[in-house]
Amino acid sequence: MAVQIEGRDLELSNLDKLMYPEAGFTKGEVIDYYTRLAPVLLPHLRDRALTRIRYPDGVDGAHFFEKNAPGGTPSWVRLETLPVPGSTKSRETIDFVVVDELATLVWVANLASLELHTPQWRIGEHPDLMVVDLDPGAPAGLQECCAVAMLMRDRLGEDGLSAYPKTSGKKGMQLCVPISGTQDSEVVSGYAKRVAGELSARVPGSITAKMARAIRPGKVFIDWSQNAAAKTTVAPYSLRALGSPTASAPLTWEEVEAMALGEEPARQFGAGEVLERVDAYGDLLADLMEPGPPVP
């Protein structure tokens, strides 16, 4: 099916193909979801090198990570050739896709790129975001993550930093923290590691800042390492490849508190709910577009 989006010509294919067979959610619905979210999603993708996780046969089929622009990329898609930090392939540089406009977002969605992941830096810049990833080890879950998120918010606040919460769309959640964009990834990572270590020392029974899987059951792992230049984090509003189409949903701190206290069920949100939330709240992460202070 040939379509024109803002003057760009592209071909959409297999719109009836089931991407989430259990939920009956098709590729056409994936494209519709991303199109409707474009006004709030595009600012978070703009100027960031995009990693896609593609599921050509839906979430039950094989999937692959894609950083390089695939063959057949339209000439109007913005590409940025960047050196690869810590790449496993011998390739020295990668032609990254950058999603700056609706047509590119739709093109990416049409390639069955269900999940969109971005680094904390924009092209040619130092990181303007710090991310704190909270990953629960069963039997801990999202409720425990919400409690840790509040501790982390207060600790970052002591250093003048503001944290904005979102679900991961899978098990845990992330805090997104606008920073100055004047310090390199190693400085930001070092600070995140230090604060994670502080909190785990304060509440060792519930929190760990160590990678080892063996020490994680029942604890929330504060993953500070996603601030490394080579790492990416699931983008706000991105779909996730589970049985049903959940998405990484921005939250209010009131909701985080209610979930932590058990006043509201601590849960992930589906694609339809995320669209409704955007209608109701707009972009709860809009403040991430403004620089914050440097990390101490």
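Reader: Into which domains is the protein chain divided?

Author: Domain bounds come from an automatic or database domain assignment. Here the chain splits into domain 1 (2–118) and domain 2 (129–289). Their C-alpha centres lie 24 Å apart. Before we go on, two notes on the ground rules. Residues are numbered from 1 along each chain as its sequence is written. This is a predicted model, where local features need pLDDT of at least 70, side-chain atom pairs count only at pLDDT 80 or more, and totals for chains, interfaces and linings use all residues; side-chain values use heavy atoms, with hydrogens and water left out.

Reader: Thanks! How many residues of domain 1 are in contact with domain 2?

Author: Contact means heavy atoms within 4.5 Å. By that rule, 25 residues of domain 1 touch 28 residues of domain 2.

Reader: And how do I read the area buried between domain 1 and domain 2; what is its value?

Author: Buried area is the accessible area (1.4 Å probe) that two parts lose on being put together, summed over both. For this pair of domains it is about 2200 Å², and carbon and sulfur atoms give 66% of that. On the side of domain 1, Tyr20, Tyr33 and His44 lose the most area to domain 2, together 28% of what that side buries.

Reader: How many salt bridges does the rule find across the interface of domain 1 and domain 2?

Author: A salt bridge is a side-chain nitrogen of Lys or Arg within 4 Å of a carboxyl oxygen of Asp or Glu. The rule finds two across this interface. Glu115 also forms a salt bridge with Arg240, with the closest N and O atoms 3.2 Å apart.

Reader: Which elements give two or more residues to the side of domain 1 that touches domain 2?

Author: Helices (H or I, at least four residues) and strands (E, at least two) are DSSP runs, numbered from the N terminus. The elements you are asking about are helix 1 (27–45) and strand 9 (113–118). Helix 1 gives the largest share of that side, 10 residues.

Reader: What classes of residue does that side of domain 1 have?

Author: Ala, Val, Leu, Ile, Met, Phe, Trp, Tyr, Cys and Pro count as nonpolar, Asp, Glu, Lys and Arg as charged, and the others, Gly among them, as polar. The side of domain 1 that touches domain 2 has 16 nonpolar, four polar and five charged residues.

Reader: Back to salt bridges: what does the count come to by this rule?

Author: The count comes to 20. One of them joins Glu66 and Arg54, whose closest N and O atoms are 3.0 Å apart. Glu66 lies in strand 6 (residues 64–66) and Arg54 in strand 5 (residues 49–54), so this pair ties together parts that are 12 residues apart in sequence.

Reader: Is Glu66 buried or exposed?

Author: Buried means under 20% relative accessible area, exposed over 50%, partly exposed in between (1.4 Å probe, protein chains only). Glu66 has 12%, so it is buried, and Arg54 is buried too, at 13%.

Reader: Which residues are linked in a network of salt bridges?

Author: Asp47, Arg78, Glu80 and Asp100 are. Within it, Asp100 and Arg78 form a salt bridge, the closest N and O atoms being 2.5 Å apart. This pair links distant parts of the chain, 22 residues apart: Asp100 sits in the loop between strand 8 (93–98) and helix 2 (102–110), Arg78 in strand 7 (residues 78–83). Asp100 is partly exposed at 23%, and Arg78 is partly exposed at 26%.
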